[in-house]
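This briefing concerns the structure shown below.

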Amino acid sequence: MRKTTTMRKTSINRRNDIMIITQDEFADYEITQTLGMVCGNTIRARHVGKDILAGLRMIVGGEIVEYTKMLAESREQAIDRMVKNAKMQGADAIVGMRFVTAAVMMGAAELLAYGTAVKVRPKNSTTSSNESGLLIDDE
Amino acid sequence: MLEITAYLILAVIFIVWLIAIVVGTVMMFPFGLIGFFVLIAIGLLVIKVLRERAKNAEDDYYAKNIDQ
């Protein structure tokens, strides 16, 4: 069975109770404290057999699924490390999250996830929402 | 299935090639000892890497649970 990361119904990703967005501000929360930059990175590679397969795929063209999976693993691990960093600082959320990638050697890429860790509280809002003013839907 | 079969064949060919190299270094004694010890050193590093990977639960988690 193919495993996939689920597409969330709302615009806010939440991991380990930390909300992560790529915007600088929340629509539904206000930032009460800025804690600083947090980041997480990883460098991953596939094993030599998958590298050979990936090289052979270049003959026929199309998606190199071995490297797609490698980068997906890197992305998830980098985010998890960034979130762990944010939790250690006592953050509720990460804003302005970005990814940066760099090739380190043949078949291995670094993926860095970084953002600003903040503390937030729900805004007093007149928009329709549940009691706590949260519009997000946990997985 | 095709993939695993290919890996097995490659692994067998690699082992045969490695044995040929080791025999070659031994036959070229005494100068072959240099190559022989290089192979031993690389082999120890490979064992270290394999052991670390086998114990790494974090890598197993991401390899098993993340597809794309």
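Of the 139 residues of chain A, 34% count as buried, where buried means under 20% relative accessible area, exposed over 50%, and partly exposed in between, with a 1.4 Å probe and protein chains only. The model is a predicted one, in which local features need pLDDT of at least 70, side-chain atom pairs count only at pLDDT 80 or more, and totals for chains, interfaces and linings use all residues. Residues are numbered from 1 along each chain as its sequence is written, chains are lettered from A and ligands numbered from 1 in the order in which they are written, and side-chain values use heavy atoms, with hydrogens and water left out.

**Chain A: overall organisation**

- Chain A contains two helices and five strands; helices (H or I, at least four residues) and strands (E, at least two) are DSSP runs, numbered from the N terminus.
- Along the sequence, these elements of chain A follow the pattern β-β-β-α-α-β-β.
- In chain A, 72% of the contacts with a separation of 6 or more are between residues 24 or more positions apart, a contact being heavy atoms within 4.5 Å.
- About 8,600 Å² of accessible surface belongs to chain A, and 53% of that surface is from carbon and sulfur atoms; accessible areas come from the Shrake-Rupley method with a 1.4 Å probe, and for residues only the protein chains shown count as cover.

**Met97(A)**

- Met97(A) is placed in strand E4 (residues 93-105) of chain A, and its relative accessible area of 6% makes Met97(A) a buried residue.
- Leaving aside residues up to four places away in sequence, Met97(A) touches Ile20(A), Ile21(A), Thr22(A), Met82(A), Tyr114(A) and Gly115(A).
- Between Met97(A) and Thr22(A) there are 75 residues of sequence separation, yet their C-alpha atoms are 4.6 Å apart.

**Salt bridges**

- Nine salt bridges are counted over all chains, each defined as a side-chain nitrogen of Lys or Arg within 4 Å of a carboxyl oxygen of Asp or Glu.
- Glu30(A) and Arg121(A) join their side chains in a salt bridge with an N to O distance of 2.7 Å.
- This pair links distant parts of the chain, 91 residues apart: Glu30(A) belongs to strand E3 (residues 29-45) of chain A and Arg121(A) to strand E5 (residues 108-122) of chain A.
- Glu30(A) counts as partly exposed because its relative accessible area is 30%, and Arg121(A) is likewise partly exposed, at 47%.
- In a further salt bridge, the closest N and O atoms of Glu73(A) and Lys69(A) are 2.9 Å apart.
- Both Glu73(A) and Lys69(A) lie in helix H2 (residues 65-88) of chain A, four residues apart, about one turn of the helix.
- Glu73(A) is buried at 4% relative accessibility, and Lys69(A) is buried at 15%.
- A network of salt bridges links Arg44(A), Lys69(A), Glu73(A) and Asp59(B).
- Not counting residues up to four places away in sequence, Glu73(A) touches Arg44(A), together with Tyr62(B), Ala63(B) and Ile66(B).
- In chain B, the side chains of Arg53(B) and Asp60(B) form a salt bridge of 2.9 Å, N to O.
- Arg53(B) is partly exposed, at 36% relative accessible area, as is Asp60(B), at 26%.

**Chain B: helix pair and surface**

- Helices H1 (residues 2-27) and H2 (residues 32-55) of chain B pack at about 145°, with their axes 7 Å apart; axes are lines fitted to C-alpha atoms, for helices over the stretch in contact, and angles run from 0 to 180 degrees between N-to-C directions.
- H1(B) contributes Leu18(B), Ile21(B), Val22(B), Thr25(B) and Val26(B) to the contact, while H2(B) contributes Gly32(B), Leu33(B), Gly35(B), Phe36(B) and Leu39(B).
- These contact residues comprise seven nonpolar, three polar and no charged; Ala, Val, Leu, Ile, Met, Phe, Trp, Tyr, Cys and Pro count as nonpolar, Asp, Glu, Lys and Arg as charged, and the others, Gly among them, as polar.
- Ile21(B), in helix H1 of chain B, is partly exposed at 30% relative accessibility.
- A nonpolar surface patch of about 790 Å² includes Ile21(B) and is made with Phe14(B), Ile15(B), Trp17(B), Leu18(B), Ile19(B), Val23(B) and Met27(B); patches are made of residues with over 30% relative accessible area and no salt bridge, with like charges joined within 9 Å and nonpolar side chains (Val, Leu, Ile, Met, Phe, Trp, Tyr) within 5 Å.

**Cis peptide bond**

- Most peptide bonds are trans.
- The bond from Phe29(B) to Pro30(B) is cis, with omega near 5°, and Pro30(B) is found in the loop between H1 and H2 of chain B.
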